[in-house]
Amino acid sequence: MKLAFNLADWQACAPGLSEKDEWQAWGKTTADITISAPLAKSRHLPMMTARRLASGSRLAVDCALAILSRQQVDALVFSSRHGELEKNFRILSALANKESLSPTDFAMSVHNSAVGNTTIASKQALVSSSVSAGLDSFAQALFEVASLHHAGYPRVMLVDFDGLIPEFYHPHLGDEILNIPFAVALLLEAGPQIECETAPRSTSDASALPQGLAFLHGWLSEERTFTLNGERMSWCWSRQ
């Protein structure tokens, strides 16, 4: 199956990377991110809301609000492999220790917490969806974006994000996972600017970057073609 989009705008945040010129420079080099680098402070998110959100959700909402402040957006799709794992782990730990649950953690533990907080903070009742599909969460969210385009929503913002994975889960992650909070927001329209087709996965395609970050690096590299890893297939991108 082929997907095709025009990329109208983007915003991203990760450790040590927040300004567009920083990301542009990163896109021209190897896709390394310093895990210990500081995160930029939220610029568009109210402080009280920022304090209630987990690390990845805070970045996702702030990036989404940045685009909403300068662009017309018709619908939202948020994708996250691990969702609100930080909040859920705190809830499970409290239950295991027979402690009282935090009402804030409970309220913010659902998978659509980030996209819900985006619509609340922006005061826009936008059509929204939240996707989780393992390693392929970003790629599968693109099908949701394409479906919204066909349903008559011309400008759809896709926000791919994840937060810090609690240490308890680290033995089960494998070496291929880059454990950082990040968010990549893309404003997508239907069009031929960049196309994607699937192919059998090659073991030589290994990359530690989550798909959203890997896509942004490929886009900023200005290479004509680049490939993203999936669980069972590769997502092969080409630009016009």
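**View A. Where helix H1 meets helix H8.** Trp23, Gln24, Trp26 and Gly27 of H1 touch Leu213, Leu216, His217, Leu220 and Ser221 of H8, where contact means heavy atoms within 4.5 Å. Sorted by type, the residues of this contact are five nonpolar, four polar and no charged; Ala, Val, Leu, Ile, Met, Phe, Trp, Tyr, Cys and Pro count as nonpolar, Asp, Glu, Lys and Arg as charged, and the others, Gly among them, as polar. H1 covers residues 20-27 and H8 residues 211-221, and the two pack at an angle of about 80 degrees with their axes 8 Å apart. They are therefore roughly perpendicular to each other, a label for angles of 65 to 115 degrees. Axes are lines fitted to C-alpha atoms over the stretch in contact, and angles run from 0 to 180 degrees between N-to-C directions. Helices (H or I, at least four residues) and strands (E, at least two) are DSSP runs, numbered from the N terminus.

A word on the model: it is predicted, with local features needing pLDDT of at least 70 and side-chain atom pairs pLDDT 80 or more, while totals for chains, interfaces and linings use all residues. Residues are numbered from 1 along each chain as its sequence is written, and side-chain values use heavy atoms, leaving out hydrogens and water.

**View B. The largest cavity.** Its volume is about 60 Å³. On a 1 Å grid over the protein atoms alone, a cavity is a set of points where a 1.4 Å probe fits but cannot get out, and lining residues have an atom within 4 Å of a point. Grid points are joined across faces, edges and corners, and a volume is the space filled by probe spheres set on the points. Among the lining residues are His82, Glu84, Phe161 and Asp162. Helix H3 (55-68), helix H4 (85-96) and strand E4 (156-162) each give at least two residues to the lining, which holds four nonpolar, five polar and three charged residues.

**View C. The second largest cavity.** Look here for a volume of about 30 Å³, lined by Phe5, Phe138, Leu142, Leu186, Leu188, Ile194, Phe215 and Trp237. This lining has eight nonpolar residues, no polar and no charged. Helix H7 (137-150) and strand E5 (182-190) each supply at least two of its residues.

**View D. The second largest pocket.** This pocket has a volume of about 200 Å³; a pocket is an open set of grid points with protein on both sides within 12 Å along at least five of seven lines. Closest to its centre, of 15 lining residues, are Gln11, Ala12, Ser18, Arg43 and Asp62. H3 brings the largest share of the lining, four residues.

Notes. Parallel < 35°, antiparallel > 145°, perpendicular 65-115°, else oblique.
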